[in-house]
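User: I am new to this structure. Could you take me through it step by step?
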Amino acid sequence: MADYREMWKSLDMDLEKHDQLCKVLPEFYGDIYLSQENRPEAMNYYNFVVSEVHGLRIKELEEHRAKDGKVIGTFCVYVPDEVINAAGAIGVGLCGGSDFWEPDGEKVLPRNTCPLVKASVGAKISATCPYFQSCDLIVGETTCDAKKKAWEILNDYIPVHVMDLPQMKREKDNLHWQDEIKIFIDRVEAMTGNNVTEGNLAESIKLINKKRKALERLYNTRKSHKLPISGKDALLISQIAFYDDPERFIKQTNELCDELEKRIESDISVFKEGAPRIMVTGTPMAIPNWKLHHIIETSGGAVVCEETCTGTRYFENFVDENDTTLEEQMKALADRYLNINCACFTPNTGRIDDIVRLYREYSADGVVYFTLPFCQTYATEFKKVKEALDREGIPVIMVETGYSLQDAGQVKTRLEAFFEMLETNKQAAVTE
Ligand code: BJ8
């Protein structure tokens, strides 16, 4: 990586502390990612993006800001990227995925807060994340209680706009979300000085749909019986989608898909024949949280799909491109975004339907239900999900684990036992 110290200094970063973070990341990435065998060639692009995660992309954001452009940080897949892009701003996902930031988060939040919220707040207050430092505005949303309260604290450090997300999906909730999108448009217009028009919103809707289609194409390759890419790599690509330049990301991901589709034609797989196909469902995995996937894939399993916000919830369902007036476009955005099934909604039966559908589409053998510690909504929703999966005869295991690697051995032991059970089930099915 080139020398970006001057840039980081200009962003008021704590350089000494940031150095500690920069020191550990390459080795961590090398152990988890570069140690994989038979990776697709096109993964080199994503390796490069990670190697420059606090460098080149931040330089691009700063060049944009130098021309009076704005950068807007987000934490949730309900916030419409289309609006940010239409106003000529750059959107970046900000969720923290490392325990490096948790102690700083704990300075202002209760210890029994989920690691994602603690790390996100800690990244800002420790001034060690250049993405936070480059943002002119961050957008929170009223999803879980931890996040709602965190916005009030973050607002002391950086301007925060909170979108009031309804938690039911009735007609009046859809109207309310349209209204919230309108208020968000007003705020973004005021800060950028650019109007969101039918024209630029239509272009943005097409662009973000294209990004979704590239991710959908990537995920479709994972439905193959010969898996051309590891789950770890697919997760990394989803995580990068949250902050990379959208046009470049679409081009690179489609190039990767060309290679993956050729691999499928040539029967090239990154996993041993018969590895249990695992679907992961639950809380999002913000970069660099690769822990669960790494444990699964070094314990004999292969992750084929993520029903998470760093998975299918991010890209499934497109915004209707046929609507022409601003009113119609806002309705189309509300319709698409309220189709996401987060556990903060009640009831949330759509998520259960999604899990069962995706399990079948990806020919999974079992489900790993992942929750971060202290995430009440996802942990509580497990009961309803498990009941439904039991009825369908789908094996499921719940794994609650945070960012620290302390419990990695224990998680591995449980997963190995689960995979053995899946293997026994398979053999029994063959002999029946
Ligand atoms: S749409 S999952 S991105 S809210 S893990 S902070 S829920 S205590 S992240 Fe999320 Fe939007 Fe929902 Fe997706 Fe709270 Fe749970 Fe922590 Fe969470």
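This is a predicted model: local features need pLDDT of at least 70, side-chain atom pairs count only at pLDDT 80 or more; totals for chains, interfaces and linings use all residues.
Analyst: The conversation below goes through the ligand shell, a strand, some helices and several loop residues.

User: Which residues come nearest to the ligand?
Analyst: They are Cys114, Cys144, Cys309, Cys342 and Cys375, out of 17 residues around the ligand. A residue belongs to this group if one of its heavy atoms lies within 4 Å of the molecule.

User: And what classes make up that shell?
Analyst: The shell has 13 nonpolar, two polar and two charged residues. Here Ala, Val, Leu, Ile, Met, Phe, Trp, Tyr, Cys and Pro count as nonpolar, Asp, Glu, Lys and Arg as charged, and the others, Gly among them, as polar.

User: Let us turn to strand β3. Why is it described as largely enclosed?
Analyst: Strand β3 covers residues 137-141, and five of its five residues are buried, so the rest of the structure largely encloses it. Buried means under 20% relative accessible area, exposed means over 50%, and partly exposed lies in between, with a 1.4 Å probe and protein chains only. Strands (E, at least two residues) and helices (H or I, at least four) are DSSP runs numbered from the N terminus.

User: Which residues sit on each face of β3?
Analyst: Leu137, Val139 and Glu141 are on one side, with Ile138 and Gly140 on the other, and all of them are buried. In a regular strand, side chains alternate between the two faces of the sheet.

User: How many bridges join β3 to β1, and how many to β4?
Analyst: Strand β1 (residues 71-74) is joined to β3 by three bridges, and the two run parallel. Four bridges join β3 to β4 (residues 160-163), again in parallel. Two strands pair if DSSP finds at least two bridges between them. As examples, Ile138 in β3 is the bridge partner of Gly73, and Glu141 stands opposite Met163 in β4. From β3 the chain passes through helix α9 (residues 145-154) to β4, a β-α-β crossover that is right-handed. That term applies if, with the strands pointing away from the viewer, the path from the first strand over the helix to the second runs clockwise.

User: Now the helices. What covers the buried residues of α3?
Analyst: The cover includes α2 (15-34), α12 and α13 (246-265). The buried residues of α3 (residues 43-51) are Met43, Tyr45, Tyr46, Asn47, Val49 and Val50.

User: In α10, is Gln178 buried or exposed?
Analyst: Gln178, which lies in helix α10, counts as buried because its relative accessibility is 16%. Its side chain makes a polar contact of 2.7 Å with the side chain of Asn174. A polar contact is a pair of N or O atoms within 3.5 Å; within protein, one must be able to donate a hydrogen and the other to accept it, and residues adjacent in sequence count only if both atoms are side-chain atoms. Leaving aside neighbours within four places in sequence, Gln178 is in contact (heavy atoms within 4.5 Å) with Met330, Lys331 and Ala334.

User: And Glu171, buried or exposed?
Analyst: Glu171 also lies in α10 (residues 171-192), but counts as exposed because its relative accessibility is 54%.

User: Where is Ser224 found?
Analyst: Ser224 is in the loop between α11 (198-221) and α12 (231-241). With a relative accessible area of 14%, Ser224 is buried. A polar atom of its side chain lies 2.9 Å from the backbone oxygen of Lys226. Beyond its neighbours within four places in sequence, Ser224 is in contact with Ile264 and Arg277.

User: Which residues do the cis peptide bonds join?
Analyst: One joins Ile287 and Pro288, with omega about 0°, and another joins Thr346 and Pro347, with omega about -10°. Pro288 lies in the loop between β5 (277-282) and α14 (291-297).

User: Finally, what is the phi of Asp68?
Analyst: Phi of Asp68 is near 70°, a positive value in a residue other than glycine. Most residues other than glycine have a negative phi. Asp68 is in the loop between α4 (56-66) and β1, and is exposed at 59% relative accessible area.

Definitions and conventions: Residues are numbered from 1 along each chain as its sequence is written. Side-chain values use heavy atoms; hydrogens and water are left out.
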